[in-house]
Each structure stands twice: as C-alpha cells, then as structure tokens.
Amino acid sequence: MKLYSYYRSSAAYRVRIALNLKKLPYDTEFVHLMRNGGEQKSAVYQAVNPQKLVPALEDDGQILTQSMAVVEYLDEAYPEYPLLPENITERARVRAMAQLVACDIHPLNNLRVLQYLQNRAGLSEEAKNEWYAHWIHEGFAALEQMLQSGQTGRFCHGNTPTLADCCLIPQVYNARRFQVDLSAYPTILRIVAECVSLPEFQAAAPENQPDAE
C-alpha cells in the first residue's frame, strides 16, 4: 500500500490518521505542493490523480483518490478497527460531522483557494486570513453544538476514534497554524486533546512526517 502525501495537507493527514488507527502498514511517496510551482501539477502525478490533488492511495494495483472515499474504502476493505459505527443512524451522525469539516470548511480554505484569493483576486494577507477564520468559525460553531449530544464521548462519537475525529484533527491543526482563536469551542478542544494523546494521531502529525519542513 502506498500513500501519495504532503505533510501539511489536511486531506492527506486524515488518511494517515485512518491508516494508523486501522494499523495498516504503508509506504509514502511525497508530493511537495509548493516546490517548483507544485509537484502535484506534474504530468507524472497527473497520471496518478487527474485532479492534481493529494492524497492518492495505491492498494492492490488500484489508485484511489478523494480522502473521504479512501477512508471509507479502508474501512470496508479492512474491517478490523472500524472507523464507522455499526448502527445506521450513528453512522449517519459520524458522516455528518466528518462532512461538515471535509465538505463545508476545508474546500473553502485549502491551498489552491487561498492562492487564488491572493494571486488572482488580489486579497491582502490580512484579508486572506480573515476569510480563513470566518469559515472556521462558521463550521466549528455548528460542530460544537452538534457535539453536545449524549452520543459524544471521549471522541466525536463514543469512546473510540471515528471518521469524524480523522477529519477534525487536521482542521484544528491548520486553524492553529493560521492563529484562529478556538477558545469558543471547548468540546472540540477537549476531543482534540484526547486524540493527540494517542500514538496513532501523533505518528500522523505533520511535524512527524519525513517531508516536514
């Protein structure tokens, strides 16, 4: 199994967490998103993923793309240490929280959007950071409210990490990198503290990747 990854990519980060939680060994091919205009734009990598995005996962000769699809594939192909609950309603809750992050927050704040805002739309660094913080607060305010459910435990759902935690941790990491004040979200911060105490999350952290700068 081989993961195409960049240490600071939120989407690659969530797949690294999932692989570690499921105790699946894998090799990594590093794709630097900034060097030489972005190695993900090369013809070589475009043959791997036509979207020119990371991550991509190669397993048993097949290339899989889109981090959420990759994680759900891993959960179905390797069912030990599941990342989704058995109960259908609980699975829907976990997916809703995961997609709140992966579909509503992350796409508005990923690298190519931020580069466009500065390089093409002419936003200043300050305005770009305000944009980033706005969408973090929009999403995290809703997630904090969702987490007041009695189904929340040590983690976003219950007492073992799920797909929702795989998505939450990278988004909090990047929010902190952009110095967004997260003090209004105590439940999120409590869950983050639980997650990052685990070796699976620690091993997936950007600063612990061989390509970290």
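Modeller: Let's start with Arg 16, which is buried (under 20% relative accessible area, where exposed is over 50% and partly exposed is in between, using a 1.4 Å probe and protein chains only). Arg 16 has no salt bridge, though; that term stands for a side-chain nitrogen of Lys or Arg within 4 Å of a carboxyl oxygen of Asp or Glu. The nearest side chain of opposite charge is Asp 211, 6.0 Å away (Lys and Arg count as positive, Asp and Glu as negative, and His and the chain ends are not counted).

Keep in mind that this is a predicted model, where local features need pLDDT of at least 70, side-chain atom pairs count only at pLDDT 80 or more, and totals for chains, interfaces and linings use all residues. Residues are numbered from 1 along each chain as its sequence is written, and side-chain values use heavy atoms, with hydrogens and water left out.

So what does Arg 16 have around it? Its side chain makes a polar contact with the side chain of Ser 5, at 3.0 Å. A polar contact is a pair of N or O atoms within 3.5 Å; within protein, one must be able to donate a hydrogen and the other to accept it, and residues adjacent in sequence count only if both atoms are side-chain atoms. A polar atom of the Arg 16 side chain also lies 3.5 Å from the backbone oxygen of Tyr 6. Setting aside neighbours within four places in sequence, Arg 16 is in contact (heavy atoms within 4.5 Å) with residues including Leu 3, Tyr 26, Ala 204 and Pro 206.

Arg 16 sits in helix H1, residues 10–21. Helices (H or I, at least four residues) and strands (E, at least two) are DSSP runs, numbered from the N terminus.

Now follow the chain to the loop between H1 and strand S2 (27–30), where you'll find Lys 23. The side chains of Lys 23 and Glu 200 do meet in a salt bridge, at 3.3 Å, N to O. Glu 200 lies in helix H9 (residues 199–204), so the pair ties together parts that are 177 residues apart in sequence. Glu 200 counts as buried at 17% relative accessibility, whereas Lys 23 counts as partly exposed at 46%. The structure holds nine salt bridges.
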